[in-house]
Amino acid sequence: MYTGLLIILVPLMVGYLLPWHQPALLQRVNRLLSLLIYAILFFMGTSLAFLDNLGTNLLIVFKTALIAAGAILSCSLLALWLLDRRWPWRQQHRQQNLPSRWHMVLESLKLCVAVLAGFLLGLTQWAPLRHASTLSEIALVVLLFLVGVQLRGSGMTLRQITLNRRGMTVALVSLCDSLGGGALAAWLLGVSLSTGLALASGFGWYSLSGILMTEAYGPVIGSAAFFNDLLRELAAVLLIPVLVNRYRSMALGLSGATSMDFTLPILQRAGGMEIVPAAIVHGFIMNLLAPILIALFSA
């Protein structure tokens, strides 16, 4: 039962325990991670194309993704709004020129192209593509090892994390509201509670959640997880500049696991340098929790 859990946790922890801090090495790790993500998403699309009753399964994918995203985003926005009301976080900052939100949206959508390419090639039913799931499992182990190396290379220590109360608090609220949204999604979709909680545990990290959920539940739920978290990231890209001056905790929490990388430039330019330490702590915690929680709930 817990073999899948070990396959996820062991390479992640091994990568994190290695004391690698060389900038050149970390740059290579980042490049290799990007290539692996594209490759695994390509395999995910291929696996989807080999399903029986393809039309029905595609409807299930998009229905599941839309309902899960709606439930999780609704719970997240409500809980983070209450946090902002209870513990206001107001700082005066004039927004700088923001990076093009549409450019960032297009960057996110590039990964959809990898899934689509795999899906279209899979429709040919080319025999070698039937080994896509095996290749995906091997690539996943390497990817989780590199994620561990990347987290260690971020330079965050336990002391730095615990000293930043705002980042820790927003991360805790983000965790609880996402899982609450996952429980609501499970009820609305008529799936098991563990499946709903696993769907909610990607925290916007769509490139990882889609991969892990495909390994645990198959390409239908895996694809739904990918689109669910993609919708969360797209919502963050579009809403952060609107929310950050009045509802800073909401803007940070909405960004989920991407607050230490993809959405960090938007948070910094819209909310000022004051938000950056909390964003990095928040993102580090969510990045560490995402694969662990998906593994636990899908074990």
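This is a predicted model: local features need pLDDT of at least 70, side-chain atom pairs count only at pLDDT 80 or more; totals for chains, interfaces and linings use all residues.

Student: What about α11, how many of its residues are buried?
Tutor: There it's 8 of the 8, over residues 248-255, so α11 is largely enclosed by the rest of the structure. That list runs Arg248, Ser249, Met250, Ala251, Leu252, Gly253, Leu254 and Ser255.

Student: Which helices do those buried residues pack against?
Tutor: The buried residues of α11 pack against α3, α7 (165-189), α10, α12 (264-271) and α13 (276-298).

Student: And what comes just after α11?
Tutor: Gly256, with a positive phi of about 60°.

Student: Let me zoom out. How many helices and strands are there?
Tutor: The chain has 13 helices and 0 strands. Buried residues make up 52% of its 299 residues.

Student: Switching topic: how many residues are in the largest nonpolar core?
Tutor: It has 50 residues. Those with the most contacts inside it are Leu41, Leu143, Val147, Phe203, Met213 and Phe226. Apart from that core lies another, of 25 residues, among them Ala235, Tyr247, Ala251 and Leu267.

Student: Tell me about Phe203. Where is it, and is it buried or exposed?
Tutor: Phe203 lies in the loop between α8 and α9 (206-217). With 0% relative accessibility, Phe203 counts as buried. Its phi is positive too, about 50°, although Phe203 is not a glycine.

Student: Which residues does Phe203 touch?
Tutor: Leaving out residues up to four places away in sequence, the contacts of Phe203 include Leu175, Ser178, Asp229, Arg232, Gly256, Met286 and Leu293.

Student: How many cavities of 30 Å³ or more are there?
Tutor: There's 1. The largest cavity has a volume of about 50 Å³.

Student: What lines it?
Tutor: Ala69, Ile72, Leu73, Leu199, Ala200, Phe203, Gly204, Asn228, Asp229 and Arg232 line the largest cavity. The elements giving two or more residues to that lining are α3 (54-86), α8 (193-200) and α10 (219-243). By class, the lining has 6 nonpolar, 2 polar and 2 charged residues.

Student: Leu73 is in that list. Which helix does Leu73 sit in, and what does it touch?
Tutor: Leu73 is in helix α3. Not counting residues up to four places away in sequence, Leu73 touches Arg232, Ala235 and Leu254. Leu73 is 158 residues from Leu231 in sequence, yet their C-alpha atoms are 9.3 Å apart in space.

Student: Why does Leu73 count as buried, if its relative accessibility is 18%?
Tutor: Because buried means under 20% relative accessible area, and Leu73 is at 18%.

Student: And Leu77, what's its relative accessible area?
Tutor: Leu77, found in helix α3 as well, is partly exposed, with a relative accessible area of 29%. Setting aside neighbours within four places in sequence, Leu77 is in contact with Met250 and Leu254.

Student: Last one: where is Leu9, and how far is it from Pro291 in space?
Tutor: Leu9 lies in helix α1 (residues 3-17). Leu9 and Pro291 are 7.9 Å apart, C-alpha to C-alpha, while being 282 residues apart in sequence. Leu9 counts as partly exposed, at 22% relative accessibility.

Note on methods:
Residues are numbered from 1 along each chain as its sequence is written. Side-chain values use heavy atoms; hydrogens and water are left out. On a 1 Å grid over the protein atoms alone, a cavity is a set of points where a 1.4 Å probe fits but cannot get out, and a pocket is an open set with protein on both sides within 12 Å along at least five of seven lines; lining residues have an atom within 4 Å of a point. Grid points are joined across faces, edges and corners, and a volume is the space filled by probe spheres set on the points. Helices (H or I, at least four residues) and strands (E, at least two) are DSSP runs, numbered from the N terminus. Ala, Val, Leu, Ile, Met, Phe, Trp, Tyr, Cys and Pro count as nonpolar, Asp, Glu, Lys and Arg as charged, and the others, Gly among them, as polar. A nonpolar core is a set of buried Ala, Val, Leu, Ile, Met, Phe, Trp, Tyr and Cys residues joined through side-chain atoms within 4.5 Å. Buried means under 20% relative accessible area, exposed over 50%, partly exposed in between (1.4 Å probe, protein chains only). Contact means heavy atoms within 4.5 Å.
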